[in-house]
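User: I would like to learn how to read the features of a fold from its model. Could you walk me through one, step by step?

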Amino acid sequence: MNKGSDQTQLSSTLSSIADPVRRSIIERLSTGEATVGELAEPLEITWPAVTRHLQILESAGLIVRRREGRHHILTLTTERLREVVGWIESQEATWRDSKE
């Protein structure tokens, strides 16, 4: 991947996790996979809104979906989140070096 596409992916990931509803979905999925219904249950938003949030997370590569019969099972993927952590750590190193 080149630097431009790395930055585009990083921006997409950061934009996706900027929303508190999507962060709560990520937090729930960090404990294990869940159905769409299980993810929607504690959220106080409409079903179409849940679907839209899930689509955004899928497009950003943060979650994957598989079907088991009539159920859609969602799983967190950590690669994109690890890229964010790596970027933050690299920035922290720069900040630390500039203060010394």
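**Reading the fold, feature by feature**

Analyst: Happy to; we can start with the surface. The protein has an accessible surface of about 6700 Å², and 53% of that belongs to carbon and sulfur atoms. Such areas come from the Shrake-Rupley method with a 1.4 Å probe, and for residues only the protein chains shown count as cover. Please keep in mind that this is a predicted model, where local features need pLDDT of at least 70 and side-chain atom pairs count only at pLDDT 80 or more, while totals for chains, interfaces and linings use all residues. Residues are numbered from 1 along each chain as its sequence is written, and side-chain values use heavy atoms, with hydrogens and water left out.

User: Which elements does the protein contain, and in what order do they run from the N terminus?

Analyst: Elements are DSSP runs numbered from the N terminus: helices are H or I with at least four residues, strands are E with at least two. Here there are 5 helices and 3 strands, in the order α-α-β-α-α-β-β-α. The C-alpha trace spans about 55 × 30 × 20 Å along its principal axes.

User: How do I read the sheet, and which order do its strands take?

Analyst: Two strands pair if DSSP finds at least two bridges between them. In this protein, 3 strands form an open sheet with antiparallel pairing, in the order β1-β3-β2. Because β1 (34-35) and β2 (63-68) stand at the edges with a single partner strand each, one side of each has no neighbour in the sheet.

User: How many bridges join β2 to β3, and which residues are partners?

Analyst: β2 and β3 (residues 71-76) run antiparallel and are joined by 6 bridges. Ile63 has Leu76 as its bridge partner in β3, Val64 stands opposite Thr75, and Glu68 stands opposite His71. The hairpin of these strands has 2 residues between them, and Gly69 there takes a positive phi near 65°. On the β1 side, the antiparallel pairing with β3 covers 2 bridges, and Thr35 is partnered by Ile73. As a general idea for reading any strand, side chains alternate between the two faces of the sheet when the strand is regular.

User: Which helices pack on the sheet, and how should I read their angles?

Analyst: Axes are lines fitted to C-alpha atoms, for helices over the stretch in contact, and angles run from 0 to 180 degrees between N-to-C directions. Contact means heavy atoms within 4.5 Å. Helix α2 (residues 20-29) lies across β1, β2 and β3, at about 90° to β3. Helix α4 (residues 47-59) also packs on the sheet, where α4 touches β2 and β3 and makes about 115° with the direction of β2.

User: Is Thr13 buried or exposed?

Analyst: The scale is relative accessible area: buried is under 20%, exposed is over 50%, and partly exposed lies in between, with a 1.4 Å probe and protein chains only. Thr13, in helix α1 (residues 3-17), is at 0% and therefore counts as buried. Leaving aside residues up to four places away in sequence, Thr13 touches Ala60, Leu62, Arg80 and Val84. Across the protein, buried residues make up 28% of the 100 residues.

User: How do I compare distance in sequence with distance in space?

Analyst: Take C-alpha to C-alpha distances for pairs of residues. Glu27 and Leu76 are 49 residues apart in sequence and 9.1 Å apart in space, while Trp87 and Gly32 are 55 residues apart in sequence and 25 Å apart in space. For Pro42 and Ile25, the values are 17 residues and 9.9 Å. Over the protein, 52% of contacts between residues at least 6 apart in sequence join residues at least 24 apart.
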